[in-house]
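Dear colleague,

I am handing over the structure we spoke of, and below it I have set out what was found. Please read the notes with the coordinates open beside them.

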Amino acid sequence: MAKVIATTASYDHTYNTQTLHLPRLLAFHGGGTNPQIFKLQCRALTKALQTTFRFVYVRAPYTSQPGPDVRTHFADKAPFLAWLRWSYKDGAKMPMLDEAVDSTHRNIKAAMDLDDARGATGDWVGLLGFSQGAKLAASLLYTQQYCLTVLGRKPSPHLPECRFAVLIAGRSPLIWLDAESKIPRGLIDAGTLSRAVPTDLEPVPRIERLLVPTLHVHGLKDPGLGLHREMLGGCCDEGSVEVMEWEGAHQVPLKSADVAALAQAIVALARRSGGLDML
């Protein structure tokens with residue numbers, strides 16, 4: 001069975017004491033990478049927002065194969081991790097929903113607790129995710145919204161009630177991250193293999209689409225652009241989304257003009273959603 005990684009690693013969080021008071025963003029790396037790599041991928045963006053947000057990087061719970069670009073540029077940064085399992089070894093069966101959900105919740109809580117222990121005091125206001133991490137970020141917001149509006153109860157107490165998300169190259173379907181109720185239509189089990197998404201999945205009902213404000217960042221040279229647009233149009237309410245398209249591939253923007261545009265869009269989104277009221 002895929003190995004669950006311990007949540008006590010220390011390299012995946014910022015040590016910058018000048019940002020301890022700032023509003024905080026939980027940052028979710030892509031599949032087949034890790035927080036250390038994502039921190040490097042976000043280096044230009046975090047510099048542009050260094051006086052606005054504190055970035056807190058979360059470890060995914062499962063080991064994974066590295067992607068082609070990761071193997072080429074970050075071969076020395078193992079272990080490589082993912083939010084969905086890569087495979088079930090030795091004939092192991094798919095894990096129960098509560099096991100998969102608990103693994104994700106524990107790693108998020110560990111990242112938040114560790115940052116609190118370092119003296120950070122800013123509110124948890126938003127989520128930032130890239131690729132599979134963007135799928136996870138949108139899924140967290142959707143689970144939060146569905147529990148509150150459809151089920152009439154709060155989601156897991158381990159998760160913050162964030163006000164917005166920045167989704168870079170994220171694709172559907174979303175993942176159901178609550179173990180106490182059945183999976184809503186249009187979502188998949190958190191224990192599903194990353195390469196085994198059903199092709200006949202029903203769409204998310206229009207009246208249940210994500211209303212929490214989101215910024216979708218799409219690289220026009222990304223081979224998965226069509227899938228990213230599917231998440232935008234099929235999972236999110238059109239009244240709650242903003243879109244930034246840029247001349248890039250499957251990556252976090254690094255060029256100064258692209259980073260400046262992205263940083264400006266994130267700040268504007270945060271202001272509209274009340275994520276910067278305390279500054």
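Helices, which are runs of at least four residues in the DSSP assignment, and strands, which are runs of at least two, are numbered from the N terminus. Please keep in mind throughout that this is a predicted model.

On that numbering, glutamine 264 is found in helix H7, which covers residues 256–272. With a relative accessible area of 60%, glutamine 264 is exposed, the cut-off for that term being over 50%. Its C-alpha lies 9.2 Å from that of alanine 48, although glutamine 264 and alanine 48 are 216 residues apart in sequence.

Turning to the strands, S9 (residues 214–219) is mostly covered, with six of its six residues buried. In a regular strand the side chains alternate between the two faces of the sheet. In S9, Thr214, His216 and His218 point one way, while Leu215, Val217 and Gly219 point the other way. Strand S9 pairs in the parallel sense with S6 (residues 164–168) over four bridges, where leucine 167 stands opposite histidine 216. Strand S9 also pairs in the parallel sense with S10 (residues 241–246), here over six bridges, and the bridge partner of valine 217 in S10 is methionine 244. Together with helix H6 (residues 225–235), S9 and S10 make a right-handed β-α-β unit.

The elements that give two or more residues to the lining are H3 (68–73), H5 (132–149) and H6, and H6 gives the most, with five residues. By class, the lining has 21 nonpolar, 20 polar and eight charged residues.

Finally, the aromatic pairs come to a count of five. The rings of phenylalanine 38 and tyrosine 57 have their centres 5.9 Å apart and their planes at 85 degrees, so this pair is edge-to-face. It links phenylalanine 38 in helix H1 (residues 35–41) with tyrosine 57 in strand S2 (residues 54–58), 19 residues apart. Phenylalanine 38 is buried at 0% relative accessible area, and tyrosine 57 counts as buried at 2%. The rings of phenylalanine 53 and phenylalanine 164 have their centres 6.3 Å apart and their planes at 55 degrees, so that pair is tilted. Ring pairs also link Tyr142, Tyr146 and Trp176 into a cluster.

With best wishes

Methods: Residues numbered from 1 in each chain as written. Predicted model: local features only at pLDDT ≥ 70, side-chain atom pairs only at ≥ 80, totals over all residues. Heavy atoms only, no water. Buried < 20%, exposed > 50% of the residue type's maximum accessible area, 1.4 Å probe, protein only. Pairing = 2+ DSSP bridges. Right-handed = clockwise from strand over helix to strand, strands pointing away. Nonpolar A, V, L, I, M, F, W, Y, C, P; charged D, E, K, R; others polar. Phe/Tyr/Trp six-rings, centres within 6.5 Å; stacked < 30°, edge-to-face > 60°.
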